[in-house]
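Please look over the structure shown below before reading on.

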Amino acid sequence: MAERDYQDKKKLFIKRARQFAYSVIFGYTLLLFGAFVLYPYFKLPVSPTLVKYVYVGEVVSGVFAYLVALLVRKFFLPVKAEGEYWGYIAMRRYFWSYALITFPYFIGYAMFIFSGHLPSVIFGYLISTLGVLLFLPREGDLV
């Protein structure tokens, strides 16, 4: 009976962790819709060189964030589901991975706030969303 409860807790945790990942995506999707609404008010002419730097910054930060998330998955997961705080430890590792993965989106959003450049927000959104979807919690993350 205890083994079944243990398996149920692991499945429930993975389900909740996936819901957390989808809520992260939903949260910054709301910010994207806000950018669409505010676009006519923020639109300014932007230098192509600055746009290129922002795109490069988003790609570099995306590669760095993916690498760090991969290292977290490799070295800090799976979490042993024993003790009192195993769920907290695992969720903390997911949270910081997602916080790093969403950094390209926030670079693009900062560019949008300062100059109203919508394509940089969309590009950062795509990089970040792909990262969160790639690093969704899996069944093997808990032992």
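Leaving aside neighbours within four places in sequence, F13 is in contact (heavy atoms within 4.5 Å) with W86, G87, A90, M91, Y94 and L142. This is a predicted model, in which local features need pLDDT of at least 70 and side-chain atom pairs count only at pLDDT 80 or more, while totals for chains, interfaces and linings use all residues. Residues are numbered from 1 along each chain as its sequence is written, and side-chain values use heavy atoms, with hydrogens and water left out.

A nonpolar core is a set of buried Ala, Val, Leu, Ile, Met, Phe, Trp, Tyr and Cys residues joined through side-chain atoms within 4.5 Å, where buried means under 20% relative accessible area, exposed means over 50%, and partly exposed lies in between (1.4 Å probe, protein chains only). The largest such core has 29 residues, and of these F13, Y28, Y94, Y105, V132 and L142 touch the most other members. The helices α1 (2–42), α2, α3, α4 and α5 each supply at least two residues of this core, and α1 gives the most, with 9 residues. Helices here are DSSP runs (H or I, at least four residues), numbered from the N terminus.

## Helix α2

Helix α2 covers residues 48–76, and its 29 residues should span 42 Å at 1.5 Å a residue, which agrees with the 41 Å between its end C-alpha atoms; the expected span is 1.5 Å times one less than the number of residues. The buried residues of α2 are V51, V54, E58, S61, G62, A65, A69, V72 and R73, and they pack against α3 (86–101), α4 (103–115) and α5 (118–134).

## Helices α4 and α5

The helices α4 and α5 pack at an angle of about 170°, with their axes 7 Å apart, and are therefore roughly antiparallel to each other (angles over 145 degrees count as such). The axes are lines fitted to C-alpha atoms over the stretch in contact, and angles run from 0 to 180 degrees between N-to-C directions. Among the residues that meet are F103, P104 and Y105 in α4, and L118, S120 and V121 in α5.

F112 lies in helix α4 and counts as buried, at 1% relative accessibility. Not counting residues up to four places away in sequence, F112 touches A35, L38, Y39, F42, H117, L118, S120 and V121.

I113 is also placed in helix α4, but I113 is partly exposed, with a relative accessible area of 45%.

Terms used:
Parallel < 35°, antiparallel > 145°, perpendicular 65-115°, else oblique.
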